[in-house]
Amino acid sequence: RRHTRYISVTGVQTCALPIYAVRQVIYKRFDCSLGTGLGKVKGRMFRMGHLGDSNDLTLVAMVAGCEMGLKLAGVKLAGSGVQAIMDHFSTHAGGVK
């Protein structure tokens with residue numbers, strides 16, 4: 001099983017609902033703990049951490065949990081982040097480094 005050391009986080013911002021409520025839905029339903037926004041973006045975004053030992057599948061699962069949680073919270077999505085990340089990994093051998 002291939003693992004890569006990731007050194008970043010991804011920020012998600014939505015104006016549809018309070019970010020705290022979205023994070024709570026994702027945590028309670030999928031046991032996925034997300035970081036809060038810091039500084040000027042506190043309360044306006046959340047952070048999806050993918051630091052350390054991850055692989056393509058764990059990243060797809062993280063995006064899927066967030067996308068499902070956003071939908072459950074009533075956020076209207078313009079597209080699918082899950083489909084986008086699967087498309088990326090299926091066309092880029094070796095995933096992200």
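A salt bridge here is a side-chain nitrogen of Lys or Arg within 4 Å of a carboxyl oxygen of Asp or Glu. Searching the whole structure turns up one. The tour will reach that pair after a look at the chain and its helix 1. Keep in mind throughout that this is a predicted model.

**Stop 1: the whole chain**

Show everything as a cartoon. The chain has three helices and three strands. Follow them from the N terminus, and the order is β-α-β-β-α-α. There are 97 residues in the chain, and 36% of them are buried.

**Stop 2: helix 1**

Select residues 19-30, which make up helix 1. Check the length of the helix. Its end C-alpha atoms are 16 Å apart, and twelve residues at 1.5 Å a residue should span 16 Å, so the two agree.

Next, colour Ile19, Val22, Arg23 and Ile26. These are the buried residues of helix 1. Look down the axis: the buried residues fall within an arc of 100 degrees, so they line one face of helix 1. An α-helix has 3.6 residues a turn, so residues three or four places apart point the same way.

Turn to the other side of helix 1. Tyr20, Lys28 and Arg29 are exposed there.

**Stop 3: Arg23**

Stay in helix 1 and select Arg23. What is the nearest side chain of opposite charge to Arg23? It is Asp31, 12 Å away. A salt bridge needs a nitrogen and an oxygen within 4 Å, so that cut-off is the one to hold against this distance. Arg23 is buried and has no salt bridge.

Show the surroundings of Arg23. Leaving out residues up to four places away in sequence, Arg23 touches Leu34, Gly35, Thr36 and Phe46.

**Stop 4: Asp31**

Move along to Asp31, which follows helix 1. Asp31 sits in the loop between helix 1 and strand 2 (35-36). Is Asp31 buried or exposed? Its relative accessibility is 61%, so Asp31 counts as exposed.

Look at the backbone here too. Most residues other than glycine have a negative phi. Asp31 is not a glycine, yet its phi is positive, about 55 degrees.

**Stop 5**

Select residues 56-72, which form helix 2. Side chains of opposite charge can pair when their charged atoms come close. Pick out Lys71 and Glu67, which form a salt bridge. Draw a distance between their closest N and O atoms: 3.9 Å. Lys71 and Glu67 are four residues apart in helix 2, which means about one helical turn separates them.

The two partners differ in cover. Lys71 has 51% relative accessibility, so Lys71 counts as exposed. Glu67 has 10%, so Glu67 counts as buried.

**Stop 6: Leu72**

Go on to Leu72, also in helix 2. With 49% relative accessibility, Leu72 counts as partly exposed. Which residues does Leu72 contact, leaving aside neighbours within four places in sequence? They are Val25, Arg29 and Phe30. Leu72 and Val25 are 47 residues apart along the chain, but 7.4 Å separates their C-alpha atoms.

**Stop 7: helix 3**

Finish with residues 81-91, helix 3. Colour its buried residues: Val82, Ile85 and Phe89. They cover an arc of only 70 degrees around the axis, so they lie on the same side of helix 3.

Met86 has a relative accessible area of 38%, so Met86 is partly exposed. The separation is 9.1 Å, for residues 29 apart along the chain.

Key. Residues are numbered from 1 along each chain as its sequence is written. This is a predicted model: local features need pLDDT of at least 70, side-chain atom pairs count only at pLDDT 80 or more; totals for chains, interfaces and linings use all residues. Side-chain values use heavy atoms; hydrogens and water are left out. Helices (H or I, at least four residues) and strands (E, at least two) are DSSP runs, numbered from the N terminus. Buried means under 20% relative accessible area, exposed over 50%, partly exposed in between (1.4 Å probe, protein chains only). Lys and Arg count as positive and Asp and Glu as negative; His and the chain ends are not counted. Contact means heavy atoms within 4.5 Å. The expected span of a helix is 1.5 Å times one less than its number of residues. The arc is that of the directions from the helix axis to the C-beta atoms.
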